[in-house]
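Hi everyone, thanks for making time this morning. I'd like to walk you through a few spots in one structure, so let me put it up on the screen.

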Amino acid sequence: MIDSWCEYLKRARLGLLVCFSLLISCGEPPLHKAEFYVFGTLVEVSLSGVEESRADQAFSLLQERFQAMHRDWHAWEPGKLANINERFARGMAAEADAELVQLLGFSQKAEILTGGRFNPAIGKLIGLWGFHTSDFPVTGPSPSAVDIAALVALHPSSLDIEIRAGQLHSSNRAVQLDFGAIAKGFAVDIAREALAGLGVHDAIVNAGGDLRAFGSRGTRPWRVAIRNPLGGALGVLEINQDEAVFTSGNYERYRETENHDRFPHILDPRTGWPARQVMSATVVANEGWLADAAATALVVAGLSEWNEVTDAMELDLVLIVDEAGQIHATPAMLDRLLLSETQKPAITLRRQ
Ligand code: AMP
Ligand code: MG
């Protein structure tokens with residue numbers, strides 16, 4: 001249903017808009033909801049414990065902010081980021097506003113913490129694989145191994161970028177920024193700040209299952225379902241005060257070749273090839289940008305390295321579904337997840 005609605009909006013070229021704002025009340029304080037089509041997904045914002053006029057004010061502000069982020073950080077449509085990438089390719093410095101500089105700073109931090117498994121400078125590789133599109137699955141043969149290796153050999157990294165006097169300088173012309181794996185996370189953080197600035201302290205900003213939730217839903221905590229890549233929900237989480245929940249997966253967006261080989265959209269920057277060992281990775285953290293980048297990095301890390309990334313990023317709450325459908329989780333995640341008793345024994349705990 002949501003997919004077809006998004007598709008309708010995309011096709012109608014409406015871009016981002018507030019779809020509706022309604023009031024739901026079932027014994028709990030009223031809940032105000034609005035939807036925005038942004039970052040290629042439907043973002044649903046639910047506010048609790050505020051008057052309708054305050055909610056309307058919040059939705060207008062969020063619409064404006066989301067629209068700007070969508071436009072300014074787009075990885076392949078014309079805009080601020082495309083201009084920056086064009087200038088880098090020509091060896092020139094580029095202007096950037098404070099928010100983009102902050103996003104770059106978080107991205108650099110995440111690239112270091114994940115040992116380069118998250119790398120927002122591999123835009124050329126992502127483009128080479130044909131993943132700069134909204135139409136999935138991508139079809140046709142995968143790019144040539146020679147072209148992939150040639151781009152990997154240029155070692156693009158966000159750490160090639162220096163910020164001097166408000167300008168970005170890249171020492172590597174192969175750097176092409178693509179914030180697809182962190183932008184939604186940073187966007188929900190910005191939304192959280194914007195809402196707090198308006199006195200909204202109980203809300204969920206849910207971007208297609210990736211979300212930041214804070215405060216409570218009246219007398220009870222917010223509850224969110226963790227999606228099972230094989231269908232349905234893996235379990236339910238109650239949110240403690242203020243948390244971000246992000247899932248990355250290789251099952252929805254991919255390239256499919258003529259002989260039905262699938263190449264998912266998350267690439268291992270070290271090889272230039274798609275990561276295939278993990279079907280989905282879910283991270284709960286205190287900040288959206290961190291949870292978002294970490295979830296992508298965990299898909300790249302695969303089963304052999306996910307513990308390494310979890311430790312380096314000091315993540316307590318991680319859940320992985322491997323390509324065979326087996327679930328792996330940190331002990332804290334297993335404690336937090338509300339599962340049926342039959343589900344619990346099926347989960348492998350990470351080694352201590
Ligand atoms: P996510 O859904 O958050 O995992 O982000 C996936 C998107 O991030 C892809 O569609 C690419 O645009 C981009 N991407 C793919 N692989 C990587 C990677 N290893 N590091 C950073 N960004 C990536
Ligand atoms: Mg991500």
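Let's begin just after helix H3, where Gly-91 has a positive phi of about 75°. Please keep in mind throughout that this is a predicted model.

Now step back into H3 itself, residues 80-89. Which of its residues are buried? They are Leu-81, Ala-82, Ile-84, Asn-85 and Phe-88. These residues lie on the same side of H3, because the arc they cover around the axis is only 160°.

Next, the ligand. Ligand 1 has 16 residues around it, and the closest are Arg-117, Ser-248, His-265, Leu-267 and Thr-296. By type, that shell splits into eight nonpolar, five polar and three charged residues. Which element gives the most to the shell? That is helix H8, residues 288-312, with three residues.

If you zoom in on the polar contacts, start with the backbone. A polar backbone atom of Arg-117 sits 2.9 Å from a nitrogen atom of ligand 1. Asn-119 also places a backbone N or O atom 2.9 Å from a nitrogen of the ligand. From Thr-296 it is the side chain that takes part, with an N or O atom 2.7 Å from an oxygen atom of ligand 1. As for how enclosed the ligand is, it would expose 500 Å² taken alone, and the protein buries 90% of that.

Gly-235 belongs to strand E11, residues 233-238. Is Gly-235 buried or exposed? Its relative accessible area is 6%, so Gly-235 is buried. Leaving out residues up to four places away in sequence, Gly-235 touches Val-224, Ala-225, Ile-226, Leu-337, Leu-338 and Leu-339. Leu-339 is 104 residues from Gly-235 in sequence, yet their C-alpha atoms are 5.2 Å apart.

The other residue is Arg-336, in helix H9 (residues 331-336). Arg-336 counts as buried because its relative accessibility is 19%, and the cut-off is under 20%. Where does its side chain go? The side chain of Arg-336 reaches the backbone oxygen of Glu-238 at 2.8 Å.

Definitions and conventions. Residues numbered from 1 in each chain as written. Chains lettered and ligands numbered in written order. Predicted model: local features only at pLDDT ≥ 70, side-chain atom pairs only at ≥ 80, totals over all residues. Heavy atoms only, no water. Buried < 20%, exposed > 50% of the residue type's maximum accessible area, 1.4 Å probe, protein only. Helix = DSSP H or I, 4+ residues; strand = E, 2+ residues; numbered from the N terminus. Arc of directions from axis to C-beta. Near = heavy atom within 4 Å. Polar contact = N/O pair within 3.5 Å; in protein donor to acceptor, adjacent residues only side chain to side chain. Areas by Shrake-Rupley, 256 points an atom, 1.4 Å probe, with all protein chains shown as cover. Nonpolar A, V, L, I, M, F, W, Y, C, P; charged D, E, K, R; others polar. Contact = heavy atoms within 4.5 Å.
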